[in-house]
Amino acid sequence: MSHKKLIALALAGAAFAGIAKAQDAAPKLEVNKALHDKLPDDIKTAGKMTSVNNGSFPPYEIVTGTEMTGASADLTEALGQVLGVKIEHATVGGLPALLAGVNSGRYQFAFGPIGDYKDRETANDFVDWVQEFVVFATLKGNPKGISSLDTACGQRVSVMAGGSAERVIKAQSDKCVADGKGAVEVQSYTDQPASILAVRSKRADAFFSSQAPLTYFVQQANGQLELTGVGQKNGFDDIFQGAVVPKGSPLGPIMIDAIKVLIDNGTYATIMKKWGLENNMIKQPGLNLGGQLPK
C-alpha cells in the first residue's frame, strides 16, 4: 500500500475516532466536596470503590470480558465524579454471591439495580433508583400462549437463579398443581443471557424477568422474540430496585444524596433515556422503598 494511502487511512481513522469520542463524551461533573468529605476514610484514602455485579443485566449492565457498559456503568461513572472517587467493577456468578460479597466487605456496594424487598432489607440497605415491572419474553407469535402466571402452567419457564421472579414462578407452579394443572418446569440460570438463550434455542417456552432487560433482549433479537404479560401485576406489587450496601452502611445516605445531584442536574434522565429506560425513571431515590417479596 502506498505511503499516501496509509496517511489517508490514518487520518480517516483518527477523524472517525474523534467523532465517536465526541458523541460518547459526557460533560465532566464537579466533585461535591461535602459528599466526598462524608465518605469513609478508607475509601477516601484509596480514592476508589468497587461495585460488584452478577453478570450481564442489559441495558443496565452489559459485561464483555472485564469491561462493563450500559446505564449502570454510565451512572456509576457520573456518581464517581460527584463523589470524587473512581468506581471500578467486579463480576461474580449469581445474586447470592453478589450479596455475600457486599456483606463480607469485599466490595463496597452493588449498584445494580437489584430488587428491593423487605426480607432482603434485614441484611442489606437498598438505595432505590428505578421502578421496575416483571413480564415474559417468548418466541415471536407466543406459540405457547404464555401471557400471565396462570397460562404458565405446564410450560417451561427460565428465570435468574436467586431472584424474586424465581420465587414467584415456583409459587405459581405449586398453585398450578393444586388447581389440577401441570407444574411449571422452572429453569434457573445464573445470568440474563443464558436465560434468554434458553428461549431462543427452544429449551424454554418463556423467560420471566424484569421488563427493562427483556425489552432490550427483544430489541436485539431481530424479530425473533416478543414481550407478553405487559401491564399486569404478575405476582408483584410496586417494584423498586437499586444499589445494595451493607446494613447500616454510611454509604447509603451518601449515595442517595449523590443520585439526587444527578437527578437535579439532568444527568440521570440523560443516561436513562440514552438506554431506553425512560419508563423506569424514579422522581427521587430513597432508602429501602421495597415492599414484601411475593410468597
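Predicted model: local features only at pLDDT ≥ 70, side-chain atom pairs only at ≥ 80, totals over all residues.
**The chain as a whole**

The chain contains ten helices and 13 strands. Of its 295 residues, 49% are buried. The accessible surface of the chain amounts to about 14000 Å², and carbon and sulfur atoms account for 55% of that area. When contacts between residues at least 6 apart in sequence are considered, 77% of them join residues at least 24 apart.

**Helices H7 and H8**

Helix H7 covers residues 192–200 and helix H8 covers residues 211–220. Their axes come within 11 Å and cross at roughly 55 degrees. H7 and H8 are therefore oblique to each other. The crossing in which H7 passes H8 is right-handed. On the H7 side, the contact is made by Gln192, Pro193 and Ile196, and on the H8 side by Pro213, Leu214 and Phe217. Sorted by class, the residues in this contact of H7 with H8 are five nonpolar and one polar, with no charged residues.

**Backbone features**

Most residues other than glycine have a negative phi, and most peptide bonds are trans. The table lists departures from these two patterns.

| Feature | Residues | Angle |
|---|---|---|
| cis peptide bond | proline 58 and proline 59 | omega about 0 degrees |
| cis peptide bond | glycine 112 and proline 113 | omega about 15 degrees |
| positive phi | asparagine 142 | phi about 45 degrees |
| positive phi | asparagine 234 | phi about 50 degrees |

Proline 59 is in the loop between strand E1 (48–53) and strand E2 (62–64). Proline 113 belongs to strand E5, which spans residues 110–115.

Asparagine 142 lies in the loop that runs between strand E7 (134–139) and strand E8 (156–160). Asparagine 234 is in the loop between strand E11 (225–228) and strand E12 (239–246).

Is asparagine 142 buried or exposed? Its relative accessible area is 14%, and residues under 20% count as buried, so asparagine 142 is buried. Asparagine 234 has a relative accessibility of 6% and therefore also counts as buried.

Methods
Residues numbered from 1 in each chain as written. Heavy atoms only, no water. Axes fitted to C-alpha atoms, helices over the stretch in contact; angles between N-to-C directions. Helix = DSSP H or I, 4+ residues; strand = E, 2+ residues; numbered from the N terminus. Parallel < 35°, antiparallel > 145°, perpendicular 65-115°, else oblique. Left-handed = near helix turned anticlockwise from the far one by under 90°. Contact = heavy atoms within 4.5 Å. Nonpolar A, V, L, I, M, F, W, Y, C, P; charged D, E, K, R; others polar. Buried < 20%, exposed > 50% of the residue type's maximum accessible area, 1.4 Å probe, protein only. Areas by Shrake-Rupley, 256 points an atom, 1.4 Å probe, with all protein chains shown as cover.
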